[in-house]
Amino acid sequence: MSKVKLDIKNVSIFYGKNQAVKDVSFPVYESKVIAIIGPSGCGKTTLLRALNRMHDLYPDINYKGEAILYPDSINLLDKKLDPINVRMRIGMVFQKPNPFPKSIFENVAYGLRIRGTNNRTELKDRVEEALKAAWLWEEVKDRLNDNAYSLSGGQQQRLCIARAIAVEPEVLLFDEPTSALDPISTAKIEELIVDLKQRTTVLIVTHNMQQAARISDYTAFMYLGELVEFGPTEKIFTKPDQKLTEDYITGRFG
């Protein structure tokens with residue numbers, strides 16, 4: 001059995017009095033891709049963003065439950081934990097590419113500099129390694145000083161992935177990472193996500209069920225803020241335990 005990297009235990013999330021996530025629990029296994037699927041508004045992105053404390057910017061958000069990160073058993077939702085430290089360990093790639101208005105090189109070097117890496121040779125090596133891991137190096141190696149905005153949408157998203165993996169996160173969160181991309185760029189990102197399992201643990205929110213079936217090892221199906229079912233992706237898509245899951249997977253939903 002795979003080792004658990006992150007254990008989501010009885011997590012509830014409230015926006016003021018409105019409960020967006022209701023008592024959700026499932027394991028995130030090390031070096032696997034876990035997909036969270038479900039209709040719009042089911043709480044999947046809210047849950048994902050809680051795991052690297054993106055909601056801390058909003059005053060009326062409250063968490064209950066725990067998200068235990070191993071091996072040191074820290075609760076990512078603990079208010080006493082500095083969100084910056086959480087984000088150093090839990091990377092995130094968003095729906096739309098969001099490169100910084102800097103050069104391609106400086107986009108990837110940014111997190112490394114914040115962490116205190118200022119040796120030029122080390123920075124150069126780490127940036128190159130991250131760009132190679134994001135399958136972007138061959139396309140940009142002769143234009144590292146160009147502005148990141150000169151890249152195509154798919155390249156910008158791979159640059160954001162390179163920026164996230166440069167600091168070697170223990171878990172990498174993806175929030176609908178291909179929804180703004182064309183099919184060719186989408187296929188590249190999907191292959192890349194499967195490849196990233198060798199370096200880190202991946203948790204991805206996707207509306208695209210075919211994408212979840214193609215790239216994930218485990219799938220969590222959420223509906224109306226609740227976890228309906230969690231299990232190996234093949235089982236969820238071929239022999240789910242819950243009728244609601246089957247209805248959603250087969251398109252007989254609503």
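Thr 219 stands opposite Gly 231 in strand S10, where strands, like helices, are DSSP runs numbered from the N terminus (helices H or I, at least four residues; strands E, at least two). Strand S9 (residues 218-223) and strand S10 (residues 226-232) pair in the antiparallel sense over 6 bridges; two strands count as paired if DSSP finds at least two bridges between them. The model is predicted, so local features need pLDDT of at least 70 and side-chain atom pairs count only at pLDDT 80 or more, while totals for chains, interfaces and linings use all residues. Residues are numbered from 1 along each chain as its sequence is written, and side-chain values use heavy atoms, with hydrogens and water left out.

- S9 and S10 form a hairpin with 2 residues between them, and Leu 224 in the turn has a positive phi of about 50°.
- Within this pair, Phe 221 has Glu 229 of S10 as its bridge partner.
- An open sheet is formed by 6 strands in the order S6-S7-S8-S3-S9-S10, with mixed pairing.
- Strand S6 (90-93) and S10 stand at the edges with a single partner strand each, so one side of each is left without a neighbour in the sheet.
- The twist averages 20° from one strand to the next; axes are lines fitted to C-alpha atoms, for helices over the stretch in contact, and angles run from 0 to 180 degrees between N-to-C directions.
- Helix H6 lies across S6 and strand S7 (171-175), running at about 175° to S6.

**The four-stranded sheet**

- A further open sheet has 4 strands in the order S2-S1-S4-S5, and its pairing is antiparallel.
- Its edge strands are S2 and strand S5 (74-75), each of which pairs on one side only.
- Strand S1 (residues 4-15) and strand S2 (residues 18-29) run antiparallel and are joined by 8 bridges.
- Leu 6 has Val 28 in S2 as its bridge partner, and Val 4 stands opposite Tyr 29 in S2.
- S1 and S2 form a hairpin with 2 residues between them, and Gly 16 in the turn has a positive phi of about 60°.

**Helices H3 and H4**

- The axes of helix H3 (residues 104-114) and helix H4 (residues 120-133) come within 9 Å and cross at roughly 115°.
- The contact (heavy atoms within 4.5 Å) is made by Phe 105, Val 108, Ala 109, Leu 112 and Arg 113 of H3 and by Leu 123, Lys 124, Arg 126, Val 127, Ala 130 and Leu 131 of H4.
- The buried residues of H3 are Ile 104, Phe 105, Asn 107, Val 108, Ala 109, Gly 111 and Leu 112; buried means under 20% relative accessible area, exposed over 50%, and partly exposed in between (1.4 Å probe, protein chains only).
- What covers these buried residues includes H4, helix H5 (137-140) and H6.
- Just after H3, Gly 116 takes a positive phi of about 100°.

**Nonpolar cores**

- A nonpolar core is a set of buried Ala, Val, Leu, Ile, Met, Phe, Trp, Tyr and Cys residues joined through side-chain atoms within 4.5 Å.
- Of the 44 residues in the largest nonpolar core, Val 108, Leu 131, Leu 159, Ile 161, Phe 174, Ile 193 and Leu 196 touch the most other members.
- Helix H6 (residues 153-166) gives the most to this core, with 6 residues.
- Apart from this core lies another, of 34 residues, among them Ile 13, Leu 47, Ile 61 and Leu 76.
- Leaving aside its neighbours within four places in sequence, Ile 193 is in contact with Val 33, Phe 174, Pro 177, Val 202, Ile 204 and Ile 215.

**Gln 156 in helix H6**

- Gln 156 lies in helix H6 and counts as buried, at 14% relative accessibility.
- Not counting residues up to four places away in sequence, Gln 156 touches Pro 97, Pro 99, Ala 148, Tyr 149 and Leu 151.
- Gln 156 and Ile 104 are 52 residues apart in sequence and 9.2 Å apart in space, C-alpha to C-alpha.

**Backbone features in loops**

- Most residues other than glycine have a negative phi, and most peptide bonds are trans.
- Arg 53, in the loop between helix H1 (44-50) and S4, has a positive phi near 60° and is buried, with a relative accessible area of 1%.
- Glu 176, in the loop between S7 and helix H7 (183-196), has a positive phi near 50° and is buried, with a relative accessible area of 8%.
- A cis peptide bond, with omega about 15°, joins Tyr 70 and Pro 71; Pro 71 is placed in the loop between strand S4 (61-69) and S5.
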